[in-house]
Amino acid sequence: MGIIFDKPLIGVVMCQNSLGAHPAQTLHNKYLDAVVLAGGLPLPLPHQLIQSPDLLENSMTLLDGILLPGSPSNIEPWHYGESGEEADADPARDRMAFALITHATGKKMPLFGICRGLQEMVVAHGGALHRQLHTLDHYHEHRENKTLPLAEQYAAAHAVQPVHDGLLHTVLGSDAPFAVNSLHAQGIRVLGPHLQAEAYAADGLIEAVSVRHHPFALAVQWHPEWQSQANPVSQRLFAAFIHAARCYHEEKQP
């Protein structure tokens with residue numbers, strides 16, 4: 001299994017939330033829409049999969065790619081050697097994401113991380129985060145204004161510069177700078193040894209990374225899923241991810 005009706009099957013990590021008094025796991029439509037519009041079939045992955053190694057392993061045999069979406073929650077800081085707590089934490093998502101990254105990296109399965117997904121990929125590979133970028137003088141403001149309408153929160157906020165000859169440069173066909181939205185309070189402090197930077201903001205913050213020696217394991221700090229078909233960069237990112245998932249499916253066939 002894997003490709004269904006000629007569409008690669010993409011596992012998408014869910015987030016723990018509450019719906020009224022009920023614990024729930026949720027996933028924004030914008031991530032599912034972006035996968036579908038790029039030609040993939042999204043499959044939400046509940047946190048219960050990490051309750052048994054067999055459940056996770058069996059799920060991975062069906063999938064052709066993993067999408068690590070953004071989230072209002074933050075990674076618990078002990079995962080990267082810091083003390084204290086996060087007010088908006090999702091411990092089960094942390095465990096789920098790290099397990100998926102480990103499996104996907106070992107299997108060379110395509111990975112695409114967005115915002116929290118980038119931070120998960122960094123921490124999973126031994127890196128560390130700035131927990132409050134806005135308190136550091138040498139960084140610009142990277143948070144959104146939550147009082148504005150969504151369309152304005154997700155509007156272009158600053159430019160990023162792709163690294164020449166990197167994976168992002170290859171995907172986009174250009175290393176020219178381009179504008180991105182910006183809706184994050186945390187960012188990369190230390191890049192893990194198995195990662196390489198793929199793009200920088202003007203203030204020096206790493207805005208995209210890839211896993212070394214992996215066919216397609218890319219993560220970005222901005223949100224390309226927002227109205228993905230209206231933005232050429234977003235279109236190319238999701239198209240490249242789905243293409244890599246198709247190739248992975250073909251290569252894993254006996």
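Biologist: Is Leu27 buried or exposed?
Modeller: In this predicted model, local features need pLDDT of at least 70 and side-chain atom pairs 80 or more, while totals for chains, interfaces and linings use all residues. Numbering starts from 1 along each chain as its sequence is written, and side-chain values use heavy atoms, without hydrogens or water. Leu27 sits in the loop between β3 (22-26) and α1 (29-37), helices (H or I, at least four residues) and strands (E, at least two) being DSSP runs numbered from the N terminus. Its relative accessibility is 17%, so with cut-offs of under 20% for buried, over 50% for exposed and partly exposed in between (1.4 Å probe, protein chains only), Leu27 counts as buried.

Biologist: Which residues is Leu27 in contact with, leaving aside neighbours within four places in sequence?
Modeller: Contact means heavy atoms within 4.5 Å. With those neighbours set aside, the partners of Leu27 are Val12, Val13, Leu32, Pro44 and Pro69.

Biologist: How far is the C-alpha atom of Leu27 from that of Asp6?
Modeller: Along the chain, Leu27 and Asp6 are 21 residues apart.

Biologist: What does Met121 touch, not counting residues up to four places away in sequence?
Modeller: Met121 is one of the core residues that touch the most other members. With the sequence neighbours left out, its partners are Leu68, Ile101, Leu111, Gly113, Leu195, Val211, Ala217, Leu218 and Ala219.

Terms used:
Core = buried A, V, L, I, M, F, W, Y, C linked by side-chain atoms within 4.5 Å.
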